[in-house]
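User: I'm new to this one. Could you walk me through how to read it, feature by feature?

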Amino acid sequence: MANGLTIAICSAILALIFSGLWIRRIYAQSAGDSRMQEIAAAVQEGASAYLKRQYLTIGMVGTVLFIIIGLALSWNTAIGFALGATLSGLAGFLGMNVSVQSN
């Protein structure tokens, strides 16, 4: 019988495959006429500026937490925190880009 880690890894792989298929489908759609593309470019620029500012702030807080966790608990725990935070940020970044592109 499969243990929890195997189920989690298999679920993650299936989620990545499913997400990749949806992203491919979204990017294959028409970008619209020139006015729609102009509006989309403005939205993308705003979303990019928002993400840059947000991730800069989160990065500073995350760095402080990484050091505190490393000193208070263990460096392995701090590395786990950093890995989880980085992957979570990557998921948010990709999700925002795909949602802006799809709209």
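**Reading the helices and their surroundings**

Analyst: Let's start with helix H2, which has 39 residues and reaches 55 Å from its first C-alpha to its last, close to the 57 Å expected at 1.5 Å a residue. The expected span is 1.5 Å times one less than the number of residues. Helices (H or I, at least four residues) are DSSP runs, numbered from the N terminus. Keep in mind that this is a predicted model, where local features need pLDDT of at least 70, side-chain atom pairs count only at pLDDT 80 or more, and totals for chains, interfaces and linings use all residues. Residues are numbered from 1 along each chain as its sequence is written, and side-chain values use heavy atoms, with hydrogens and water left out.

User: What is the mean pLDDT of the chain, and where is confidence lowest?

Analyst: pLDDT is the predictor's confidence in each residue, from 0 to 100. Where it is low, the predicted coordinates should not be read in detail. Here the chain's mean is 88, and 98% of its residues reach 70 or more. Confidence is lowest in H1, at a mean of 87, and highest in H2, at 91.

User: Which residues of H2 are buried?

Analyst: Buried means under 20% relative accessible area, exposed means over 50%, and partly exposed is in between (1.4 Å probe, protein chains only). In H2, the buried ones are Ala47, Leu51, Gly62, Ile69 and Gly70. H3 is among what covers them, going by contact, meaning heavy atoms within 4.5 Å. Thr57 also lies in H2, but Thr57 counts as partly exposed because its relative accessibility is 33%.

User: And what do the buried residues of H3 pack against?

Analyst: Helix H3 covers residues 75-102, and its 28 residues reach 40 Å from first C-alpha to last, close to the 40 Å expected. Ala78, Val98 and Val100 are its buried residues. They pack against H1 and H2, the latter being residues 34-72.

User: How many salt bridges does a search of the whole structure find?

Analyst: Side chains of opposite charge can pair when their charged atoms come close. The cut-off for a salt bridge is a side-chain nitrogen of Lys or Arg within 4 Å of a carboxyl oxygen of Asp or Glu. The search finds 1. Arg35 pairs with Glu38, with 3.0 Å between the closest N and O atoms. Both residues sit in H2, 3 residues apart, which is about one turn of the helix.

User: Which residues make the nonpolar surface patch?

Analyst: Patch residues have over 30% relative accessible area and no salt bridge; like charges are joined within 9 Å, and nonpolar side chains (Val, Leu, Ile, Met, Phe, Trp, Tyr) within 5 Å. Areas come from the Shrake-Rupley method with a 1.4 Å probe, and for residues only the protein chains shown count as cover. In this model, Leu5, Ile9, Ile13, Leu14, Ile17 and Leu21 make a patch of about 610 Å². Ile9 counts as partly exposed because its relative accessible area is 44%.

Technical notes
Helices (H or I, at least four residues) and strands (E, at least two) are DSSP runs, numbered from the N terminus.
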